[in-house]
Amino acid sequence: MAHQSPMIAIPKKTTGDVDWTAPIRNLIAKSFGENPDNYAQECQALQRCRQDAVKGAGSDMTGRDLLYKYFGQLEILEMRFPEIRVNFPWNDAFTNKLTTQTAIAYEKASVLFQIAATHSAIAASQNRSDPEGLKLAFYYFKTCAGMLTYINENFLHAPSTDLSREVIKFLVGVIMAQATEVFLEKCIDEKKAPALIAKIASQSASMYTSLSEEVKDFMGKGIFDRNWITLIQIKSKHFGSIAQYYRGLVDNKARAYGEALVRFTLAESLAKEANRSAASFSALFAHVSPTLPADAGPSISERTKVQLQLSTDRKTEAQRDNDLIYNAVLPSADALPAIEKAVVATPISIQEVYRAPDVQNVIGADIFVKLIPLSVHESASVYSEEKAKLVRKEVENAESAEVEVRSALEAMGVQAGLARFKAMAEGSLGGEEEIPLDVRRWREDINVMEDREGIDILLQQMARLKETVKTELDNISRDLDVESRECETMRVKYDHLWTQEPSASFTKSIRQDLKSHLGTLDAAAVSDQQVSTLWESVKSDIRLLLSPDVEDVFRASAQRDAPSESLLDLDIGAEAHDEKERVRIRQYTTEIEERLGRLKKIAYERSEVLKELKDKIQADDVSHLLLLNRRNPGAEQSLFAAELEKFRTYQQHLGTTVHNQQVVLKEIQGLWKNLRDLAGRGPGAKKWDERERRKKDTVRRFSNARDGYMEVRDGLTKGLQFYQQLTDLSTTLTVSVKSFITDRRSERDRLVGQADIQQRLAVPQTPAEKPPLPPPPRRSAPSLDSSFASMNLQGSQNPVSPPPKPPQASYSTFPPPPQSINAYSNLPPPPQQPTRPAYTNTVSPNTPSDPYASLGAFGSQFSTPRAAPPVPRQQTHSASPQRQSSFSLLPPPPPSRPQYAANPQIPQTYGQQAPPPPQSWRQYPPQTQPIQQGSQYQNMPPPPPPSQGHDTQQYYQGYGR
């Protein structure tokens, strides 16, 4: 179709700027008691929302959405601020007269008028030759009429002409007539039945005729465009012609040829009038009307011309046929029956428009959602508590129903006994079933542990650690013996000149520790043997559990001594009876399984309904209703009751599930009782019990193996921890012993040099000849210390005199350190040996039988490494300052362990400043009472006593058992 019928669009109102910010700030401060500055962004958002909707938007989809959003915010704003007063200036859409009102209702009515005008413009601009465009035009004409109807029904005493009841009523009529016209075009294009088209055209013609009569009341007032009046009159004649034309086709088909000819004549007459008016309209139409399309004149002229041609051709044809063939009597036009009318368009209400999800998304959230009066908060809290009570009640009912079902089924033993009766009904012992769930879980757990670190690997690790500890302890004992022999060899060689203390007094604590470690190591072997014995006892069962043959074990236990016949085949002559009994058992089990399935469905249905109820209650918000009823506190209880009725359906559904569950449960109880009476006491049941007993024995066998495996693994873990700690202790002891031996050897080298010099000086000299040089001391290799001592003696400028007879001092006493630089000749004689600081780790007389249990004792007693025992102090007769400084470079002992007893004969202890050398070598200082050295280790508490035997047994109780 080249031209589509022109449609009228309602003009839009215009407005000025409005200040929302100041009135809202005042209300927030006065009515809500909050700081208005906290809502500055919200006020700006509302201001921008109005600006975009009523001043910047066009008559398209974007403008429609902006108007939707602004009107939605106005609705919520009116609920929150019903007393707000703002100046709203609006110009009349037809007279352009400015009207200003302070009521928010005036703003809402004006915005609704804008929405209706936008909808009419969208509908009029659609291309109705396209089916989608025709559908949109029909929809928006109806929504436009709905918006205008809402204005007329809710806003009385309109302050402007465009909002008056008469004008709004006329606009609704125009829009609905155009909607009917759009539907008529659709029917004509789709070639619907002529009778239907005639009814719709008659309705359209009637509406346009009524409008042409109503518009006479507005003549001379300058409200509506004169082009509207002319177009309405043309369409009233045009659609009257179409109605008569299609009704003539209906009469002609019904062989009412006379009536058909008269209707075709009326159609031609009306079409001529419409075409004549359309020709005048087209010639005089001004192309400046904003409410009509630019081609309105040519379009309506073309359509009336086409209709006139159709009517004329059809009338001529009907006239010829009647004259030549039918010769029907022609009735008068007034005698023709009136054409029926079909109402095809009704307004779409504003509620339906705003209920659409896309419109709700356009509106968005409330701009002032955070601004809720305290009274509304309190009321909402009360309502939330009512909802919570409802949910708690339903949850408790659902949980009680679940507990009731579970308890009833467990009491009857349905879950466990059903498989038994099913196997009896099938005539088998069920030997083909899989491994029990517990056994499969044990198998998987042991597999994971074995893949990570197997028992055999742990045993090898423990053996290696044990061998390492044994080797280190043996090496310590051998090194101490060698050192002691070397010391005593020098003592024999140099006799009274050898002043080094015997090793035994210094290594007593070391040898006690060594003895304790060796005893503990021997006791650990007993526990190791227990672990190995336990592992050998469960090893075969564990290997079988991890192998695929475990399924055969369970299958064999189930089929052992089982007859080849069925369980109920107990007598050759009772085969028929047994078969009937198996059929009945099978029937009972099937019915019970069906009831169990129904119970599961009921439980699932109940959980889904309960979940949906929780979601609905969580999403339920009545704040907007409470805002509306804020001034009517007495309405809260009725409001709450009405709102809670929304969840009544869910409560009834949940109650139905509980009732259905009880019915099914009673049916299961009856069926189970009959089944047990039928098959629970016969020979088949006895054989089933025997099979279950064998199966449980097999499960118990693997359970014991699994427990033994876990005990072995736990014992090996403790053993590895024990040997690791013992390894650390032996390593620490090895370091201490090596340091002690090194210091003793250094001291011996120095003393050897001194003894050799003293022997040479003791040889008498003759004046006749120069005494021969003394032979070098017999030693394997001079040490660095002795070389320094010789160098100092050779380089001394003081004359060397023969040494006096050495004092007969006991080797078991400690020589004292020098009191001061010049006090060597005034020292008192040596006393008895002083008591040394305790380092010893006394060994319990009873060696602990379970060394793994003493892990805690080792941790407290030997957790910190011991320092190497220092060598005894020795009086220095030939040491020079260089010698003393060389000793000060030795590394200090670890600060956390007590040192061995210091030897007073050494000029200094490790880490202390060496005293100055004596004035000369002419006299030996006498032995005196040794002074307790201010060692940093003397204030350390004594080591804890060794762990007692009963504590060890208590810690390792049950290992290897």
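How many residues apart are Glu 317 and Arg 314 in helix α10, and about how many helical turns separate them?

Mentor: Happy to! Glu 317 and Arg 314 are three residues apart in helix α10, so about one helical turn separates them. Please keep in mind that this is a predicted model. The two side chains form a salt bridge, with 3.2 Å from N to O. Glu 317 has a relative accessibility of 31% and is therefore partly exposed. Arg 314 is partly exposed too, at 22%. As a general point, side chains of opposite charge can pair when their charged atoms come close.

Let's stay with α10 and move to Lys 315. Its salt-bridge partner is Glu 268, and the closest N and O atoms of that pair are 3.4 Å apart. Glu 268 belongs to helix α9 (residues 257-284) and Lys 315 to helix α10 (residues 296-326), so this pair ties together parts of the chain that are 47 residues apart in sequence. The two ends also fall into separate accessibility classes: Glu 268 is buried, with a relative accessible area of 8%, whereas Lys 315 is partly exposed, with 24%. The cut-off for buried is under 20%, which is why Glu 268 at 8% falls in that class.

Ser 311 is another residue of helix α10. Its relative accessibility is 0%, so Ser 311 counts as buried. If we set aside neighbours within four places in sequence, Ser 311 touches Ser 241, Tyr 245, Phe 264, Ala 267, Glu 268 and Ala 271. Glu 268 in that list is the residue that forms the salt bridge with Lys 315.

Now for the wider setting. The protein chain has 27 helices and three strands. Of its 961 residues, 45% are buried. Among contacts with a separation of 6 or more, 85% are between residues 24 or more positions apart. The structure holds 45 salt bridges in total.

One of these salt bridges links Arg 700 and Asp 697, at 2.7 Å from N to O. Both residues sit in helix α23 (residues 683-761), three residues apart, or about one turn of the helix. Arg 700 is partly exposed at 46% relative accessibility, and Asp 697 is partly exposed at 31%. Beyond such pairs, salt bridges with shared partners join Glu 483, Glu 486, Arg 744, Arg 745 and Arg 748 into one network.

In soluble globular proteins, nonpolar side chains tend to be buried together. The largest nonpolar core here has 110 residues, and the members that touch the most others are Trp 20, Ile 24, Phe 113, Leu 148 and Tyr 354. Helix α6 (residues 165-189) contributes the largest share of this core, with 13 residues.

For a helix pair, look at α15 (residues 437-452) and α17 (residues 508-546), which pack at about 105° with their axes 9 Å apart. The two helices are therefore roughly perpendicular to each other. On the α15 side the contact is made by Val 439, Arg 443, Ile 446, Asn 447 and Glu 450, and on the α17 side by Ile 542, Arg 543, Leu 545 and Leu 546. By class, that contact comprises five nonpolar, one polar and three charged residues.

Finally, two loop residues are worth checking for backbone angles. Most residues other than glycine have a negative phi. Lys 191 is not a glycine, yet it has a positive phi of about 55°. Lys 191 lies in the loop between α6 and α7 (194-214), and it is exposed, with a relative accessible area of 72%. Asp 495 also has a positive phi of about 55° without being a glycine. Asp 495 sits in the loop between α16 (455-494) and α17, and at 51% relative accessibility it counts as exposed.

Terms used:
Residues numbered from 1 in each chain as written. Predicted model: local features only at pLDDT ≥ 70, side-chain atom pairs only at ≥ 80, totals over all residues. Heavy atoms only, no water. Axes fitted to C-alpha atoms, helices over the stretch in contact; angles between N-to-C directions. Helix = DSSP H or I, 4+ residues; strand = E, 2+ residues; numbered from the N terminus. Parallel < 35°, antiparallel > 145°, perpendicular 65-115°, else oblique. Contact = heavy atoms within 4.5 Å. Nonpolar A, V, L, I, M, F, W, Y, C, P; charged D, E, K, R; others polar. Core = buried A, V, L, I, M, F, W, Y, C linked by side-chain atoms within 4.5 Å. Buried < 20%, exposed > 50% of the residue type's maximum accessible area, 1.4 Å probe, protein only. Salt bridge = Lys/Arg side-chain N within 4 Å of Asp/Glu carboxyl O.
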